[in-house]
Amino acid sequence: MNRHDFTVFYPVSTRWMDNDVYGHVNNVTYYSYFDSTINRYLIEQGGLDIHSAKIVGYVVSSSCQFRRPVAYPDSISVGLRVSKLGNSSVTYELGIFRESEEEAAAYGQVVHVFVDRDQNCSVPIPAKIRHCLEEILTPKVSADEI
């Protein structure tokens, strides 16, 4: 995955505590970067109120492919896009980029299912959130275009 595959980016400051004994950002920290990026987008663009919204997104699946290490004090950014948008679920794709690099150091997928917080059951994605997700939905490529 490359930078041009994404339209939304958020800067992330790596922290000393992100590094593990091998001298690079620990693998579990990448998931934190993914989660922070997704929620920032939903809060800023979709109006998600993480504290009192009746409908929230639960992570039901996540994965990460590591291409090369990132380490403190690297400046990185996280690219975000939507690859699949269903009635109550969304699949995000994310890329972690060093400041001056075009190719992702890591990339991943996260699936959210939107649920009624009180009933703990899936519900349709709220309209304002759906709209912001549609804004970053990656168009499907037909076999003829490949």
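Q: Which residue forms a salt bridge with D18?

A: A salt bridge is a side-chain nitrogen of Lys or Arg within 4 Å of a carboxyl oxygen of Asp or Glu. Here the partner of D18 is R15, and their closest N and O atoms are 2.8 Å apart. This is a predicted model, where local features need pLDDT of at least 70, side-chain atom pairs count only at pLDDT 80 or more, and totals for chains, interfaces and linings use all residues. Residues are numbered from 1 along each chain as its sequence is written, and side-chain values use heavy atoms, without hydrogens and water.

Q: Is D18 buried or exposed?

A: Buried means under 20% relative accessible area, exposed over 50%, and partly exposed in between (1.4 Å probe, protein chains only). D18 has 2% and is buried, while R15 has 41% and is partly exposed.

Q: How many salt bridges does the structure hold?

A: The structure holds nine. One of them pairs K54 with D116, with the closest N and O atoms 3.0 Å apart. K54 lies in the loop between α1 (27-46) and β2 (55-66) and D116 in strand β5 (residues 106-116), so the pair ties together parts 62 residues apart in sequence. Helices (H or I, at least four residues) and strands (E, at least two) are DSSP runs, numbered from the N terminus.

Q: With which residue does E101 form a salt bridge?

A: The partner of E101 is R98, with the closest N and O atoms 3.0 Å apart. Salt bridges that share partners join R68, D74, R98 and E101 into one network. R98 is placed in strand β4 (residues 89-98).
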